[in-house]
Structure formats: structure tokens, C-alpha cells
Amino acid sequence: MTTRTAATARTGLLLLLLLAPFIAQAAAPAIPALSLVDNPAGGKTWSVSIQILMLMTALTLLPSLLLAATSFTRIVIVLAILRQAIGMPQTPPNQVLVGLALFLTFFIMAPVLERVNQDALQPYLAGTLELPDAADKAQGPMREFMLSQTREPDLALFAGLAGKEGFEKPEDVPLSVLLPSFLTSELKTAFQIGFLTFIPFLVIDLVVSSVLMSMGMMMLSPMLISLPFKIMLFVLVDGWGLIVGTLASSFVPHN
């Protein structure tokens with residue numbers, strides 16, 4: 001139980017570092033709990049009450065952060081399209097697809113999270129970094145990952161809408177521009193992979209439908225006949241391995 005509690009606390013602190021700039025901007029100095037205290041090692045640090053407040057806020061924003069800044073969106077959309085292409089809208093169930101997408105996201109994001117842990121979380125826990133500095137270092141690996149998956153036209157679109165064009169270096173791109181650009185690129189990539197996944201199953205449906213029509217069996221549903229063939233094809237070609245491998249290998253830099 002102690003190990004599980006420590007792992008939960010470490011995950012919460014990691015999320016706190018990523019969300020600290022937004023929480024700090026929204027903090028109201030008039031509330032007594034939001035105060036700076038003297039650090040015995042020198043300088044200033046947040047009081048325990050504000051640290052607990054920011055940690056609880058970070059935990060509530062975890063689903064949004066998972067969707068907005070990781071590979072989860074692309075994975076879960078492709079898996080949902082695959083399920084529809086096979087012809088079984090409820091199988092596998094949503095819990096299974098989300099669980100697979102979640103653990104595959106952890107696998108893909110492991111190098112990024114490891115860098116955040118080494119560069120920001122561990123120095124912060126050791127007391128060698130203040131919270132604002134640790135938050136800046138934690139954003140670096142996440143920013144690099146999102147920029148590597150973001151298409152230039154999408155980034156230019158949101159930069160133009162925000163009136164912030166002409167970034168000289170990646171660090172100059174604000175999160176308010178990077179996050180929607182990253183999500184838009186992820187949606188495009190997910191639908192492209194989903195389209196290519198849909199084609200083999202669509203061919204089977206067309207062939208079965210043509211055969212039934214030529215035999216005069218128009219009252220028999222083609223989906224009823226094609227479903228076993230699609231399942232058999234998916235199993236024979238090791239479909240789950242191909243889909244998972246394709247998704248994991250698709251996270252390569254676009255630019």
C-alpha cells in the first residue's frame with residue numbers, strides 16, 4: 001500500500017509541474033491560504049495549503065491534459081473506427097478500448113515522462129528547483145513531443161488566428177497555440193489511419209453484397225454473412241498486432 005501511495009503522489013506531483021503556470025496565473029493573492037513563505041534553504045516557496053490546492057486542481061484536470069497533450073486521442077479514434085469497420089459497434093466494449101488506448105499511451109509517452117521525471121520532478125523533490133523553474137523544465141519534453149507531431153499548416157492556422165505569427169524558435173510557441181494545433185493534427189492523422197484500416201473490410205462487404213445480389217438473395221443481410229469473414233481475416237493477419245504496431249510507429253516527427 002505504501003508503494004502504491006508513493007506512486008500516486010509522484011504522478012500527482014508530475015501533473016502539478018505541468019499545470020503549475022496556469023494555476024499560478026489563476027491564483028488570487030487575497031486568499032490567506034495563497035501565500036509565500038520563507039524557504040529554510042533560502043528564497044521563497046509556496047505554503048503547504050497552496051501546494052495542496054494546486055495538486056487537487058491538477059488531478060481534476062488530468063482527463064483534459066491526457067486528451068490534449070498526449071497520444072491518447074489518435075489511438076482511441078483509430079480503435080473506434082476499427083471497431084466500426086469490422087461491424088461490431090459494441091465489441092470490444094468501450095472500457096476495453098479505452099484501457100488499451102490508455103496503456104498504449106503510457107508506452108508511447110514513457111520516454112517523455114521519463115525526461116520530465118529526471119529534469120523536473122526529481123530536482124523539485126530534492127529541493128534543488130523551485131516550483132516555477134521545475135514547471136518550465138517539465139514543459140520542455142511535452143512541448144517537443146507536441147511540436148514533433150504538429151503539422152506546420154495547423155500551427156500556422158492557429159498562430160494566424162491568435163495574431164502571433166513569426167516564431168523564431170519552438171520555445172516561442174505559446175501553449176494556447178500549440179495545444180489546439182496539436183489536437184487538430186492528431187485528428188487528421190487518426191482519420192487517415194482509420195480510412196486505410198476501413199478499406200479491407202469495405203471490400204469484403206462489397207464482395208459479399210455483390211454475391212448475394214447475383215444469387216437473388218436480396219432479403220438476406222450482407223452484414224450477417226460478411227461479419228464472420230471479416231473476423232477471420234482480422235485474426236489471420238494478426239490484426240491487433242498490426243494496428244497497435246502501426247499506431248506506436250506512427251508517432252514520428254512530421255517536421
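## Helices H4 and H5

H4 and helix H5 (residues 94-126) pack at an angle of about 145 degrees, and their axes are 9 Å apart. Axes here are lines fitted to C-alpha atoms, for helices over the stretch in contact, and angles run from 0 to 180 degrees between N-to-C directions. On the H4 side the contact is made by Phe72, Ile75, Val76, Leu79, Ala80 and Arg83. On the H5 side the residues include Asn94, Leu97, Val98, Leu100 and Ala101. Contact means heavy atoms within 4.5 Å. By class, the contact of H4 with H5 has 12 nonpolar, 2 polar and 1 charged residues. Ala, Val, Leu, Ile, Met, Phe, Trp, Tyr, Cys and Pro count as nonpolar; Asp, Glu, Lys and Arg count as charged; the others, Gly among them, count as polar.

## The model and its fold

This is a predicted model: local features need pLDDT of at least 70, side-chain atom pairs count only at pLDDT 80 or more, and totals for chains, interfaces and linings use all residues. Residues are numbered from 1 along each chain as its sequence is written, and side-chain values use heavy atoms, with hydrogens and water left out.

The chain has 10 helices and 2 strands. Both kinds of element are DSSP runs, numbered from the N terminus: helices are H or I with at least four residues, strands are E with at least two. Along the sequence the pattern reads α-β-β-α-α-α-α-α-α-α-α-α. Of the 255 residues in the chain, 36% are buried. Buried means under 20% relative accessible area, exposed means over 50%, and partly exposed lies in between (1.4 Å probe, protein chains only). Take the contacts between residues at least 6 apart in sequence: 72% of them join residues at least 24 apart.

H4 is largely enclosed by the rest of the structure, because 12 of its 15 residues are buried. Among them are Phe72, Arg74, Leu79, Leu82 and Arg83. The end C-alpha atoms of H4 are 21 Å apart, which agrees with the 21 Å that its 15 residues should span at 1.5 Å a residue. The expected span is 1.5 Å times one less than the number of residues.

Glycine 87 follows H4, and its phi is positive, near 105 degrees. Proline 92 sits in the loop between H4 and H5. A cis peptide bond joins threonine 91 and proline 92, with omega about -5 degrees. Most residues other than glycine have a negative phi, and most peptide bonds are trans.

Leucine 66 is found in helix H3 (residues 62-69). Leucine 66 touches Phe72, Leu102 and Thr105, not counting residues up to four places away in sequence. Leucine 66 and threonine 105 are 39 residues apart along the chain, and their C-alpha atoms are separated by 9.1 Å.

H3 also meets H8. Their axes come within 8 Å and cross at roughly 65 degrees. Leu67, Ala68 and Ala69 of H3 make this contact with Leu179, Phe182 and Leu183 of H8. By class, the contact of H3 with H8 has 6 nonpolar, no polar and no charged residues.

Threonine 197 lies in helix H8. Its relative accessibility is 11%, so threonine 197 counts as buried. Threonine 197 touches Leu82 and Ile243, again leaving out residues up to four places away in sequence.

Helix H9 (residues 222-236) has 15 residues and reaches 21 Å from its first C-alpha to its last, close to the 21 Å expected. Its buried residues are Ser226, Lys230 and Phe234. They pack against helix H4 (72-86), helix H8 (175-214) and helix H10 (239-249). Aspartate 238 lies in the loop between H9 and H10. Aspartate 238 is not a glycine, yet its phi is positive, about 55 degrees.

## Aromatic pairs

The whole structure holds 5 aromatic pairs. Phenylalanine 201 and phenylalanine 234 form one that is tilted: 6.1 Å centre to centre, 45 degrees between the planes. Rings of Phe, Tyr and Trp (its six-membered ring) pair if their centres lie within 6.5 Å; planes under 30 degrees apart count as stacked, over 60 as edge-to-face and the rest as tilted. The pair links phenylalanine 201 in helix H8 with phenylalanine 234 in helix H9, 33 residues apart. Both phenylalanine 201 and phenylalanine 234 are buried. Elsewhere, ring pairs link Phe145, Phe182 and Phe251 into a cluster.
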